[in-house]
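Please keep the sequence and the structure in view while reading.

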Amino acid sequence: MCRELAEAANRCLAGKYRVFAIRDEAYYRRLIKEYESDAGKLKIYRRDGEIVDCRGEYPGETQETQETPKIMVRIVDVRRMLMALSLRSLTGVCFCVTDPVVKENNRCVVLTGTEFSGVMLMDGKRENAEGTVSIAALSSLVFGAETVEEICLEDGVEMTERMKGEMEKIVPLAEIYLNETV
């Protein structure tokens with residue numbers, strides 16, 4: 001059953017989203033155990049014998065609590081995440097990223113590209129940086145939770161006016177599927 005769930009989920013997600021977590025048998029075995037540990041269950045929906053959906057259910061949970069958005073995102077590889085972005089127009093900016101947890105994310109990058117080429121990324125030099133962005137602020141920006149102006153109000157974020165204009169050319173990620181509950 002877990003292999004069938006993984007295959008069905010990956011097929012469905014690949015057809016709809018640019019970014020999603022790949023599922024495997026171990027993922028669904030763990031997910032079932034997680035639901036069971038909280039007296040819940042994983043309910044599988046089929047149509048004509050094929051899996052079309054699965055959802056976790058907990059005793060006493062209502063439709064309203066199931067639909068409440070919950071999100072917590074952690075970028076674990078800033079280079080790969082930046083490379084997945086699209087741009088609105090010609091962009092060129094050098095900035096530093098700070099991350100207190102994943103040391104490999106602490107780096108200066110030169111982000112360039114166009115709406116046609118996508119993002120091209122190179123290592124940058126700290127002395128050429130036009131600002132600094134915390135990994136939390138960058139996450140909020142690339143996932144569309146906050147604007148450039150809003151992240152500039154956060155601790156650990158500094159940007160020149162030119163950098164602000166360049167960062168506004170980043171298209172927040174769309175067609176994303178994240179459904180991990182922690």
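## Overall make-up

A contact here means heavy atoms within 4.5 Å. On that basis, residues 24 or more positions apart account for 57% of the contacts in the chain with a separation of 6 or more. The structure is a predicted model, and the values below are to be read with that in mind.

The secondary structure comprises 7 helices and 11 strands. The chain has 182 residues, of which 35% count as buried, and it exposes about 11,500 Å², with carbon and sulfur atoms supplying 52% of that area.

## The pair H1 and H2

Helix H1 (residues 2-16) packs against helix H2 (residues 25-37) at an angle of about 110 degrees, and their axes lie 8 Å apart. The two helices are therefore roughly perpendicular to each other, and H1 passes H2 in a right-handed crossing.

On the H1 side the contact is made by Cys-2, Arg-3, Leu-5, Ala-6 and Ala-9, while H2 contributes Glu-25, Tyr-28, Arg-29 and Ile-32. Sorted by class, this contact has 6 nonpolar and 3 charged residues, with no polar ones.

Helix H5 (residues 135-142) has 7 of its 8 residues buried, so it is largely enclosed by the rest of the structure. Those buried residues are Ile-135, Ala-137, Leu-138, Ser-139, Ser-140, Leu-141 and Val-142.

Their cover includes helices H4 (78-83), H6 (148-151) and H7 (161-167), together with strands S5 (91-98), S8 (131-134) and S10 (170-171). Just after H5, Gly-144 takes a positive phi of about 80 degrees.

Conventions:
Residues numbered from 1 in each chain as written. Predicted model: local features only at pLDDT ≥ 70, side-chain atom pairs only at ≥ 80, totals over all residues. Heavy atoms only, no water. Helix = DSSP H or I, 4+ residues; strand = E, 2+ residues; numbered from the N terminus. Buried < 20%, exposed > 50% of the residue type's maximum accessible area, 1.4 Å probe, protein only. Areas by Shrake-Rupley, 256 points an atom, 1.4 Å probe, with all protein chains shown as cover. Axes fitted to C-alpha atoms, helices over the stretch in contact; angles between N-to-C directions. Parallel < 35°, antiparallel > 145°, perpendicular 65-115°, else oblique. Left-handed = near helix turned anticlockwise from the far one by under 90°. Nonpolar A, V, L, I, M, F, W, Y, C, P; charged D, E, K, R; others polar.
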